[in-house]
Amino acid sequence: MVARVADSVRRTAGFIDGQRRRPAPHAEADLFLTAEQSLLLGHPLHPSPKSREGLSDSESRLYSPELHGSFPLHWMAVDRSVLAADSAWTDQGRPVAAPDLVARHAEGLRLPEHTAPIPLHPWQARELRNRPEVAALLDAGLLHDLGPYGARWHPTSSVRTVQRPGVDTMLKLSLGLRITNSRRENLRKELHRGVEVHRLLRSGLATHLHVTHPGFDIVRDPAWLAVDTQDGEPIPGFDVMLRHNPFGRHDDAVCIAGLTAPRPWPDQAGMHSRLADIVCRLAARTGRTTTAVAAEWFLRYLDRVVHPVLWLDAHAGVALEAHQQNTLVMLDAEGWPVGGRYRDNQGYYFRESHREALAGRLPGIGSVSDTFVSDAVTDERFAYYLGINNVFGLIGAFGAQQLADEQVLLAAFRRFLGSVTGLGSPLPAHLLETPHLRCKANMLTRLHGLDELVGPVDTQSVYVSIANPLCV
């Protein structure tokens, strides 16, 4: 544990130093990628948010979003007899198979007959070659190592999801590094879940959501590729999710963790967050106090981002793991919240009480994605991710950075929750009426050596009870 904390501190110091030396972003810089690469400190309540065991300093320079790393993908060719894939991706209404989507990024790469290309993170590719089941496929001629190829891709804040500005696909790669609490190799059920959620939303649910909350949407994960053994068993480490990239170069989409985290700014002393920069600029421009601006910003955020997440739980029985890393706020030119996006094919909870209704929308839902969860566990996790991590964390950032009185914002949150108790989600009443809430304990989870991607959802992390500040 001490080693992990020390590694995180050392890396964070290097990220801050690198950011201070970097010139200000160009006016034509991709706003989404700029925001994704600005999260220098990581989770404020995690003991080692930036520890990356197994990553050397030279590799860190290439693979770290905080250091604006970039790299070409490593490619392998997979015989179609051991290729696993699914796709609900469409292009102007026409279905597009996952291998065809990937092939767009490997044009000019010479492939052996009867194979399809599969992209890998370079670090992952090196590690995979040492696995016996991978060596067996290489020896059998069913897998061909083609090496690095093509344009450079840029890591986003999750490290393993990579993007190229102007390209309509992001790739969520498997990466066996332990980042925060988990080794970040995609699980096959998560790949199924991403496609399943896309099909569920396409059943008419997304249309209803957009009519009610036109500024909010789910970032889709509609296709994937993976590799099986000759006996049809999944081989971990190859799985790659193909994510739709909905963000244009000028779309100001910022994850809440990146918005609230202090960072150095060019030509300015000290460190402060982009949230503080926005609030102070708005206050100066309008002649209002920072407290008044912060309160209005917060209320707009509740309406544009939190309300639609509650709506989805109420109307579909789908609770989102909407913590600050997974939640993006869309900002207008002045910095006001105008919408939101949710991303993460891991982070969906289908309520058991809605199983029949969800199966009516999409027959067979949950059969391979392992997404249905008891309502009791859903309530606990939803209250933590949306209530504690997201909204309480945002209130804490306003308070810690002396932008607003936390009690004023807590009162505003109470009023908001009271106004949406009739929506149908149990969360507003739970947050208003429960004296103690269950909160994920990241230090204990780390000390126990738990991997949050392994095992049943109700035993993946350590949770403790904390006093609910809404009930004080």
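In what order do the eight strands of the open sheet stand? The order is E3-E13-E14-E9-E8-E7-E2-E6, and the pairing is antiparallel. Two strands are taken to pair if DSSP finds at least two bridges between them, and helices (H or I, at least four residues) and strands (E, at least two) are DSSP runs, numbered from the N terminus. The model is predicted, so local features need pLDDT of at least 70 and side-chain atom pairs count only at pLDDT 80 or more, while totals for chains, interfaces and linings use all residues. Residues are numbered from 1 along each chain as its sequence is written, and side-chain values use heavy atoms, with hydrogens and water left out.

- Helix H6 (residues 132-139) lies across strand E7 (143-155) and E13, at about 115° to E7; axes are lines fitted to C-alpha atoms, for helices over the stretch in contact, and angles run from 0 to 180 degrees between N-to-C directions.
- Helix H7 (residues 188-212) lies across E3, E13 and E14, and runs at about 160° to E13.

**The three-stranded sheet**

- A further open sheet, of three strands, has the order E18-E21-E22 and mixed pairing.
- Its edge strands are E18 (318-320) and E22 (372-373), each of which pairs on one side only.
- E18 and E21 (residues 348-351) run antiparallel and are joined by three bridges; Leu320 stands opposite Tyr348 in E21.
- Helix H10 (residues 290-316) lies across E18 and E21, running at about 155° to E18.
- Helix H12 lies across E18, E21 and E22, at about 145° to E21.

**Helix H1**

- Helix H1 (residues 2-21) has 20 residues, which at 1.5 Å a residue should span 28 Å; the end C-alpha atoms are 29 Å apart, in agreement with this. The expected span is 1.5 Å times one less than the number of residues.
- Its buried residues are Asp7, Ser8, Arg11, Thr12, Phe15, Ile16 and Gln19, where buried means under 20% relative accessible area, exposed over 50%, and partly exposed in between (1.4 Å probe, protein chains only).
- These residues cover an arc of only 165° around the axis, which puts them on the same side of H1; the arc is that of the directions from the helix axis to the C-beta atoms.
- An α-helix has 3.6 residues a turn, so residues three or four places apart point the same way.
- On the other side of H1, Val2, Ala3, Val9, Arg20 and Arg21 are exposed.
- The cover over the buried residues includes strand E1 (52-53), helix H3 (57-63), strand E16 (263-264) and strand E17 (271-272), with contact meaning heavy atoms within 4.5 Å.

- Gln163 lies in strand E8 and is buried, with a relative accessible area of 0%.
- Apart from neighbours within four places in sequence, Gln163 is in contact with Asp30, Phe32, Leu33, Trp153, His154, Thr156, Met170 and Asn245.
- Phe392, in helix H12, counts as buried at 13% relative accessibility.
- Phe392 touches residues including Leu410, Phe413, Leu437 and Leu470. Phe392 and Leu470 are 78 residues apart in sequence and 9.8 Å apart in space, C-alpha to C-alpha.

**Loop residues with positive phi**

- Val159 is found in the loop between E7 and strand E8 (161-163); its phi is near 75°, a positive value in a residue other than glycine. Val159 counts as buried, at 2% relative accessibility.
- Gln402 is in the loop between helix H12 (375-400) and helix H13 (406-419), and its phi is near 55°, also positive in a residue other than glycine. Gln402 is exposed, with a relative accessible area of 71%.

**Cysteines**

- With a disulfide taken as a pair of cysteine sulfur atoms within 2.5 Å, the count comes to zero disulfides.
- Cys471 is in no disulfide; the nearest cysteine sulfur, that of Cys439, is 15 Å away.
- Cys471 is partly exposed, with a relative accessible area of 34%, and Cys280 counts as partly exposed at 38%.
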